[in-house]
Amino acid sequence: MTRPPRHRLVPTNVAALAVGVTEATIRKWVSRGKITRYGAPGRSEFDIEELTEIALHRQP
């Protein structure tokens with residue numbers, strides 16, 4: 001899998017806000033393989049387009 005362009009990567013707190021969940025949920029999704037984590041150790045980043053897809057398909 002190739003890394004998305006830098007401008008599409010957001011930190012955990014922004015990822016959580018984008019999807020409407022907590023940061024803990026984002027971390028849980030990473031451990032379950034639901035989303036891809038990018039970044040160095042201690043600096044998690046997520047693809048905003050991948051998060052947008054998840055947000056669009058989540059049940060209210």
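A nonpolar core is a set of buried Ala, Val, Leu, Ile, Met, Phe, Trp, Tyr and Cys residues joined through side-chain atoms within 4.5 Å; buried means under 20% relative accessible area, with a 1.4 Å probe and protein chains only. The model is predicted, so local features need pLDDT of at least 70 and side-chain atom pairs count only at pLDDT 80 or more, while totals for chains, interfaces and linings use all residues. Residues are numbered from 1 along each chain as its sequence is written, and side-chain values use heavy atoms, leaving out hydrogens and water.

**Nonpolar core**
- The largest nonpolar core contains 11 residues: V10, A15, A16, V19, V21, I26, W29, I35, F46, L51 and I54.
- At least two residues of this core come from each of α1, α2 and α3 (helices are DSSP runs of H or I, at least four residues; strands are runs of E, at least two; both are numbered from the N terminus).
- The largest share, three residues, is supplied by α1.
- Not counting residues up to four places away in sequence, I35 touches I26, W29, V30, F46, E50, L51 and I54 (contact means heavy atoms within 4.5 Å).

**Helix α1**
- In α1 (residues 12–19), T12, A15, A16 and V19 are the buried residues.
- These residues lie on the same side of α1 because they cover an arc of only 100° around the axis, taken from the directions from the helix axis to the C-beta atoms.
- Their packing partners are β1 (9–11), α2 (23–32), β2 (45–47) and α3 (48–57).
- G20 follows α1 and has a positive phi, near 85°.

**Aromatic residues**
- K34 lies over the face of W29, at 4.1 Å from the ring centre (the criterion is NZ of Lys or CZ of Arg within 6 Å of the ring centre and within 35 degrees of the ring normal).

Technical notes: Buried < 20%, exposed > 50% of the residue type's maximum accessible area, 1.4 Å probe, protein only.
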